[in-house]
Amino acid sequence: MNAIEIRNLTKNFGPKQALSGLDMTVPQGAIYGFIGENGSGKSTTEKIICGLIHPSSGSVKLFGKDYTDIDVRANMGVLIEAPGCFPNYSVWNNMMLQAANLRIKDAEREVVKALKTVRMEGAASNKYKNCSLGMKQRVGIAMALLGNPTLLVLDEPINGLDADGMRIIREVLVDITKNYGSTVVVSSHVLAELEKVATHYGIIKGGKMICEMTASELDSSCRTYSALKSNDMPLTKSVLLKKYSRIEEDESGYIRVYDSVPTEEIVVYLYENGITINEIKTDKISLEEYYIDLMKGGKANG
Amino acid sequence: MEKTCELNFEEPSFFKRIKSMLGVDFYRLFHTPLFYIFLAIAAIIPAIILGTSTMEGSEGIGYTSAWNIIAASKPLYVIESIGDYANMNMVFIFGGIMVSIFIGSDYRSGYVKQLFTTHAKKQDYMISKTITCAFSMACMCITYLLGGVVGGLFAGDSVSFALNGGEIFALVCAIIGKMIMSIGWAALYTFINVILRKFFGISIALSFFFGTGILIIGVAGVFDSLHIPNVLLNAFLYGSSVFACLDSGVFPLLAVLICLVVSVAWTVIYIVLGTTILSKSDVY
Amino acid sequence: MDKVFEKNTFGKRLTSMLHVDFRRMITTPLIYIILGICLVAPVLIFVMTTMMDGMETVNPETNEVEITESKFDNFWQIIGTVSDPSKIPSSDDSSDTSSDTTDTSTDIDKEGKQNPMGDMDITSMVNINMLYFAVAIYVCLFVGADFRSGYSKNLFTVRSSKVDYVISKILVGMVAGVLMLIAFFIGSVIGGAIMQIPFDPIEIGASAYSVAFCLLSKVCLVGVFVPIYVLASVITKQRVWLAIILSVGIGMLLFTMIPMITPLDSSFINPVLCLVGSLLFSVGLGAVSNIVLKNTSLV
Amino acid sequence: MNAIEIRSLSKSFRGMYAVDHLNMTVPQGAIYGFIGENGSGKSTTEKLICGHLVADEGEIKLFGKSYTDPGVRTRVGALIENAGCFPNSSVYQNLKMQALNLNLKDPDGEIKRVLEIVRMEDSARIKFKSCSLGMKQRIGIAMALLGDPALLILDEPINGLDADGMRIMREILVDITQKYGCTVLISSHLLAELEKIATHYGIIRQGKMIAELSAKDMEKRAKVFVSLKTKDTNGALNILKKEFNNVRLEGEYLRVYDEESTEKIVEFLLKNGHIVSEIHKNKVGLEEYYIELMSKKEEN
């Protein structure tokens, strides 16, 4: 049974149509990587899932029930754009307020635990408005995690986080989905980070879902290739073209040989033709390349 | 890779800096609804008061002449009845709230970061805000006048518009006096809001109390009991609420002069105070 | 496997919402500042009006002696005014200031002071009824803070039904209003004691019981005003100043009827009337606020 | 002539030192990557440079002049934490106000230029508050670019920008520093992105500058090594040891240090019957350098 099922969702703000018939399915326990350009409707979709704004048309189902169902929504965590905290309130008070909002038993212990996971237990007493952008973001994450919600919607959580903060996020997401069976929808622009942790991906463009797949599907559809460099690139290219059909040059100056040809074979073949390579590695199309290629309209493995 | 072209920094003159800051403030004044809302309020209030004061049953505020709505007939050291409140000084009450919101939105939106990045000198901010707010309060005086007249007409015969020659001159001087005083009040409100920039609610409340003159009258009351010669002090403390009135007993032009002196005094004091405090403290 | 969700009953939702709101009310300095003002204001009013009363100010130009008439004759006048003047004992010896001075600037004579509807002099303006505006400002700031800080995102994600939000805000507003009334009353008792203003309600035609009923009805009246302010704040959401203008505007309309409904000499009917009124307003306007919240975007 | 010179700058909030005797030099025309953890004093330093905060002690010089010199400050463009714009005014109005603030001759032309640079020319009419996070960031950048800034202070500008936005950001910064001689102080946590354009780095920790070097120094110091993989790893290891002095086994990868040309290694291995399946030059990038620096600092 899917955690989130969205069918033909549309939302328009006056003349501008933010979402034009979006379909989305997020299985339970998944870490769903939600990818899209600025203004492609990511935040709008997330706000609709959390019931903060109402769709113009279309159906949104959470765990089989309508998204306005009281019981389903009782245990959700949210972090959309800026964390919603009272500026003149201390971090501790903000967290205790959210603990009260979620009816968490033994609130102090839970809040201390949440703050510890994001390394913010030291700064609990200072006012929220005096925290730096990164610290505010960590408070927002701690707040969203409070009470181990069954559904977690995070809009660009690593925004403003340093390397250590990003590592914490990855660990926390994996932990909450494994140990508590929660489902996470997380959007981000740093696709390298998302690739490390997401189990499903959804790519949205112009208010429509243009591609939805699991991590394994991404792996299979992102072909491996051997990338190589040598002193005499044009010659190398012509030699390779004789034997292999799928040859490409990427912007960082490597020649790519697609369809996982074993590198030893290439090295020997070139050596026999008098070319010694100075660099060769096997690699896979990264999520970022797949996404950029998709955005250009082409298919990554087309 | 070092850039060789020499960057030259020409020192912007004082007037150029003020002109640029004024440009920003006036652009925002005219392109946001705040200014127009307060102009409307300043027009409606006298119209309502004059209009309702003539309905039967309620004895109303006992106006003898329509022009009372503009200025009190005699210098009033102590407010006795609501009638004494309801004159043009109310513009300074609403003006206070408007200035608080105007300056408050600078700080709340964070636009003050751009302003103080490009303007190293803090007095640009004080002077420009004072001028902008003074201008808006002067406009509020005008719409107040129009509202009063309309209210008077609406009130029909029970309120007389008759004015003899001398009184017309006094009335005009009274209005000019109040408009001049708006510069002084603008400086005061700018000062309050700059000091209390972190506590938006309190700055509105304090501006409101200053505007209604309760604080000033309270201080005057205390000074009276201490029997300090209060003529000069009253002039300084009350400014327009005393001397810009129909028949201030003093030659009207002199009343305008007093208002000018008081207004300039307030402006200089509050701008200098505001600048020193601003340049000593963090922007936000 | 089907995700089973434990029932999120209305009781649980309301208790958690009340817990959030009352905790925020208690831990934000706003309520204490306003209660402080309510405590100090009456003392100031008594001091100022008594000090200024009978104060001769020599007007430098016309060197007339002006006697100001602003003294409170009776403590209870700060609470309200008597509904019909006939009850006032005929011998009017209580007022010692005689009006033998030259023309006072305003043409109000002694009798005018008793007429509750008529004069708008300082004592009838500055009394407990001003509190209803203070409640307006508090409620608007309190509800507005939810939306301005973005905390509404956390609240409404977990609460798809908005009824408990509205009920909780109305209750917080009422508690704040009652606390303000109490603070104002205590302040006026202190002020009255300092300035030795006569306390006996009989003097101005009210009895101990009626004064008690008057206070009770004023407390119940808070329940009428608070739902208005909550509705105004829910409509305007982030724009707090618009909410305040809206609330004060509507409050102004009802302001004139306060002395009529809660006069000093009110009987037991008045509090009941006010209670019924507040119930009606709470349920009615509460429902409207709920609908507004349900159909508008909450971010 | 240095764009920014800071000598023993300190700023404390309620007794806690946010910036603690910081020294900093940013040469003119440089893209200075300012790196540090959350709460290490980056934003505080930037706010001090822009005059938003008053320093407890220390001295800041912009282009040789004091940082309170109005002439210099009108040529500073800043984007710190968020774009300070009026939520209810439209994007165009916000930019118009900043253009007036800078006393620009042709405000509308400038606005059009900067909006085109950040690809936001068709959303000038929208209210600022209804823009998404990424769009607000681009407007903040556009605002900082208005006029002819001699110094750009950008606090995590690529926060919330998508891949396309980051690419534009890189192009803008390279273009503005090379063509107009502008200097850029940019802080970010995405070290990979920073590494692509930064010419100088400054690493700050708990209010103190713990390392300041140019990108060239970074490359020199970075230990270059060739990492390769073959089927018969041990065999290759023994043979390589004969020829090259510093060879080590790291997991399944063999590392040959202090050897520039990879062809030599490939040819040598092929001659000795070992076919290389993977080989590439590796250098300790910014990220590894930063992590190494942080861990070293932790001990003392």
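In which sense, left-handed or right-handed, does helix 5 of chain C pass helix 8 of chain C? In this predicted model, the crossing of helix 5 of chain C with helix 8 of chain C is right-handed. Helix 5 of chain C spans residues 131-149 and helix 8 of chain C spans residues 208-236; the two pack at an angle of about 35°, and their axes lie 9 Å apart. On the side of helix 5 of chain C, the contact is made by Tyr132(C), Val135(C), Ala136(C), Val139(C), Cys140(C), Val143(C) and Gly144(C). These residues meet Val222(C), Phe225(C), Val226(C), Tyr229(C), Val230(C), Ala232(C), Ser233(C) and Val234(C) of helix 8 of chain C. Classed by residue type, the contact between helix 5 of chain C and helix 8 of chain C comprises 13 nonpolar and two polar residues, with no charged residues.

Chain A contains an open sheet of four strands in the order 2-1-4-5, paired in the antiparallel sense. Strand 2 (16-27) and strand 5 (65-66) of chain A form the edges of this sheet, each pairing on one side only. Within the sheet, five bridges link strand 1 (residues 2-13) of chain A to strand 4 (residues 57-62) of chain A in an antiparallel pairing. Thr10(A) has Ser57(A), in strand 4 of chain A, as its bridge partner. In general, backbone hydrogen bonds pair the strands of a sheet, in either parallel or antiparallel fashion.

For chain D, the domain assignment gives domain 1 as 2-214 and domain 2 as 223-283. The C-alpha centres of domain 1 of chain D and domain 2 of chain D are 44 Å apart.

How values were computed: Residues numbered from 1 in each chain as written. Chains lettered and ligands numbered in written order. Predicted model: local features only at pLDDT ≥ 70, side-chain atom pairs only at ≥ 80, totals over all residues. Domains from an automatic or database assignment. Pairing = 2+ DSSP bridges. Axes fitted to C-alpha atoms, helices over the stretch in contact; angles between N-to-C directions. Left-handed = near helix turned anticlockwise from the far one by under 90°. Contact = placed C-beta atoms within 7 Å. Nonpolar A, V, L, I, M, F, W, Y, C, P; charged D, E, K, R; others polar.
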